[in-house]
Each structure stands twice: as C-alpha cells, then as structure tokens.
Amino acid sequence: MLIFAEKYDRNKEEKRKMKRIISILLYMAVLLPLAAQPPKHEVRAAWITAVYGLDWPQTRTTSPEGIRKQQAELIEILDRLKAANFNTVLFQTRTRGDVLYKSAIEPYNSILTGKVGGDPGYDPLAFAIAECHKRGMECHAWMVTIPLGNRKHVAALGKESVTKKKRAICVPYKREYFLNPGHPQTKEYLMSLVREVVERYDVDGIHFDYLRYPENAPRFPDSYDYRKYSKGRSLAQWRRDNLTEIVRYIYKGVKAMKPWVKVSTCPVGKYKDTSRYPSRGWNAFHTVYQDVQGWLGEGIQDQIYPMLYFRGNHFYPFALDWQEQSNGRQIIPGLGIYFLDPSEGNWTLDEIERQMHFIRAHGLAGEAHYRVKYLMDNTQGLYEALEEDFYTAPALQPAMPWIDNVAPTPPSGLTVETPENGYWKLSWQPATDNDKRNAPMYVIYGSDTYPVDTSNPENILAQRVQGTEYTYAPIRPWTARKYFAVTAIDRCGNESEAIQQQ
C-alpha cells in the first residue's frame, strides 16, 4: 500500500510537471508569434505631461533661444517615439484652468514662460500637431476637465481664472477648486474650450482627463444643484448622469464639427466589480461616478484609455471587462510604466511585457504609456524592449467604422524613378474620398518581393503622407527595398486597395 502511495505521489508530481511544461509551451506558442509579428493596426500612445514640466518643457521661452530650445526638447521626444514606431501622442493641452495654446478663454500655463499668461512666442499645440504629423503620428489634445487647482494656483491665475470669470460653475472643496458637473453651464464652458481646439487646429483627437468627481466626495458642495435638478434621482445616479451629459454634449458637438476627430477619456482603471475579481472598493462607477461602460454602450466615446496602473489580478480581469463591454469601440489600457522607477514602485519590466502580451492576445486596440519620461529614460530597458521586441514594425491606426466605413478610391499611375544618389522618387495620381472635407492621405509600402504584401506591417515605409509624391531614402544601403506600393487612407482609418509598382 505504501509503495502504491509513493507511485501515486510520483505520478501526480510528474503530471503536475507535465502540465507546467505544457502551459509554458502554450504560453510560448501564443506569445512568441506576437513578439515576432506585431499587428498592422494598433494604438501605441504616450502621454506627454506638461503640468509642472514633468515631461516637457524644461526650458522657458524668455528669449528667441529659449523658444528654440523648448521646441527642440519636444522634437527630441517625438523623434524617439517615432524611432520606436509609436503612432499616437497625447499632448497635454489644458492643465488646471490654464492651457498650452492661444486661447480667448483661459491663460497660457506658466510652465512655458515662467509667468502666468505669458505668451511663449509660438503656439505649442500647433507646433506639436505639425511635428507629430510630419512623423506620421496622431496628436490628441489631452485636456484636464473638472479640477481647477489648489488655492495658490487659482490665486496665481488672478482675474484670468475661471473661478473669477465664471464663478457660478466653480466650487471649492478640500482646499481645491473644481468645475461643478451638476451645473448646466459647466458642459457649455468645457465645450467652448473644446470648440477652440477642434475648430482652429488640425488635431486628431480630444482626450479628457479627470472627467470625474473627486474620489469619495460625499460632502462635495452640490446640494443646491441636486435639490434643483435631481428630479427624484439618488445623489449617486444624478452625479453619474451629470458626467454622462457632459460627455454626450461634447461628443455630439465635436462630431458636428469634425466627425473624424476622436473623442476619448482616461477613466479610473476599474469600472466596478467584475465576475472574475472585485475592485476592492476603488472603481469608476461608485467612487468617482463615471458610468464609462454606459458611455460606450451609448456610443458617445470613440476610445477609452482606462488608467490600469495595476498588476496581477488588479489588471487582467478589468482589462478583459473593458474589452467585453466596449460596444466595438477602442479600448487602449493605460500602463503604469512609472512604477518601473524604483522611487515610484517595485515593478520589473516583465510586468509591463506580460500586460502588453495580454492586450494583443485578447484583441484590445493597443496601449498607452504613462508617462513619456520613463520611455525617454529607458527605465529598466523599457524603450529598448519596445523598439526591439514589441514595436518592431510600424502600425496603422485602427479604423472607426461607426463614423465612416468607406475607404477612399485607390491611387493610380504609380511611377518610381530609378534611384539617384540612393534616393527613389515615387509619384502617383490622387485618390478621392467620400468625405470631401479631407483629401486622402497615403501609406507607402516597400519590399524585396513583388507584389508588395501590404498586409505585412514590416513593409510600411511611411504613413499619413500628404500630396502625391514621396522620396524614399533607405536608412542604410543594404536595407533598400526594390518594389513599392501605395494605398490611400482617410482620417477614420479606412484604407484603399493598393496600387503596385509596374
């Protein structure tokens, strides 16, 4: 009997070992192809934080040389993002009641010049958009919405503060000031800021941050508005409805102006408890009154960037929950890469790598990295891992078929001039799009084989190309491509059939 038990134990242990081996092999079978062949369509985003100059800028524009240095700092960031095949920049455009563009509503942020309202001598948002587009990247205007800063900050803004100009929609709470989501004019004020950006700039997206109530705020001073406007709803439901109405109003307003401009929010990372794992009392729905899955269900968001700055069971079940409730919209988890810094947390690089593998394996639209500083610093080798393992080829933006699902006509008449001094010159006849407000852009492909496989992202040489000419200069002579193809693509990500080099 004892011998049988020993054999049984050995068999159980051998089976456990075999299961572990099979699990590892399955894990490798799933993940290795993902690392080797990145998807053709994927959002690869980074937040560039301007508040306090956390990511940018470090230089003040107090002279022409200061302007040049401040711009050069941003160019260096964008160059390195481009080199690692990023395609989306979340550029902080509004911080707390101040902005980084020429506004008729709110003053310039003092981080630009060292002085509140100081004109930096150029328009940072216009500059960021132009430089992103030169590199084939989208630029989204990242706007902090509800918080207005502490008393010191508000006092520094003086008469330019919204707390002075629009006193009725502002409330103090715990030594800070906030816009009051329960006041009907708050959505109109926020829309006026959004309108400035969308109408005047060729921005690709509007990205909302802190579109929520302060966390665990039972004494938030909105009791007057609640009595006036609640119409029998509970306080919690009324507050959720207030935020939803702001989202709905701005989304519809943006789409009426420029339907292709993406509208997104970065909510608290856990929506609420899931069937797989609890949120431990910290979630968007109950704690800060964000009914984000309701927004997705109603179709009043194009993208959601949940701030999933967690690991283990606090990341995976909630990322999956967002995807399952996405209603076909794009879910782009925000990754807490700042935790790779020993002063911020004790994460190791494999935490982020596992999360990125999971995102791809489960078909989420991509990921965003918070913040860009930790990419620039190559914290724990993250930038190198992205460049060498994850983002080894360019990626196009996922399409938005709920806005427009009609691709442009293909371009025609592609000609390729024989290389001269190592340069090829491509030219073609323009495509047309069903939306006449935007001329189609173009994606350039190159390969050593004919016809060029346009399904392979490794063949993408350039995207968002304007006009009907492109000069191809290989990085090194031995990387030169022999054959070329061109497609047309619209602002909603619809791509035409390719025209191949004859």
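Modeller: Happy to! Let's start with Tyr370, which sits in the loop between E13 and helix H13 (372–376). Helices (H or I, at least four residues) and strands (E, at least two) are DSSP runs, numbered from the N terminus.

Colleague: What does Tyr370 touch, leaving aside its neighbours within four places in sequence?

Modeller: Tyr370 is in contact with Trp47, Thr49, Trp142, Tyr309, Leu335, Gly336, Ile337 and Tyr338. Contact means heavy atoms within 4.5 Å. Tyr370 and Ala46 are 324 residues apart along the chain, with 6.3 Å separating their C-alpha atoms.

Colleague: Before we go on, what kind of model is this?

Modeller: It is a predicted model, where local features need pLDDT of at least 70 and side-chain atom pairs count only at pLDDT 80 or more, while totals for chains, interfaces and linings use all residues. Residues are numbered from 1 along each chain as its sequence is written, and side-chain values use heavy atoms, with hydrogens and water left out.

Colleague: And what is the average pLDDT of the chain?

Modeller: The average is 93, and 93% of the residues score at least 70. pLDDT is the predictor's confidence in each residue, from 0 to 100. Where pLDDT is low, the predicted coordinates should not be read in detail.

Colleague: Good to know. Back to the fold: how many helices and strands are there?

Modeller: The chain has 14 helices and 20 strands. Its radius of gyration is 25 Å, close to the 23 Å that the globule rule gives for 502 residues, so the chain is as compact as a globular protein of that length. The radius is taken over C-alpha atoms, and the rule is 2.2 Å times the number of residues to the power 0.38.

Colleague: What share of the residues counts as buried?

Modeller: Of the 502 residues, 57% do. Buried means under 20% relative accessible area, exposed over 50%, and partly exposed in between (1.4 Å probe, protein chains only).

Colleague: Which strands make up the open sheet of 10, and in what order?

Modeller: The order is E10-E12-E13-E1-E2-E3-E7-E8-E9-E11, with parallel pairing. Two strands pair if DSSP finds at least two bridges between them. Strand E10 (307–308) and strand E11 (330–331) stand at the edges with a single partner strand each, so one side of each is left without a neighbour in the sheet.

Colleague: How does E13 pair with E12?

Modeller: Strand E12 (residues 334–335) and strand E13 (residues 366–369) are parallel, over 2 bridges. Leu335 stands opposite His369 in E13.

Colleague: Is E7 enclosed or left open by the rest of the structure?

Modeller: Strand E7 (residues 205–209) has 5 of its 5 residues buried, so it is largely enclosed by the rest of the structure. Gly205, His207 and Asp209 point one way, and Ile206 and Phe208 the other way. In a regular strand the side chains alternate between the two faces of the sheet.

Colleague: What joins E7 to E3 and to E8?

Modeller: Strand E3 (residues 138–144) runs parallel to E7, joined by 5 bridges, and His140 stands opposite Gly205. Another 4 bridges join E7 to strand E8 (residues 262–265), also parallel. There, His207 has Ser264 as its bridge partner.

Colleague: Changing topic: which strands form the antiparallel sheet?

Modeller: That open sheet has 3 strands in the order E4-E6-E5. Strand E4 (147–150) and strand E5 (170–173) are the edge strands, each pairing on one side only. E4 and strand E6 (residues 176–179) are joined by 3 bridges, and Asn150 has Glu176 as its bridge partner.
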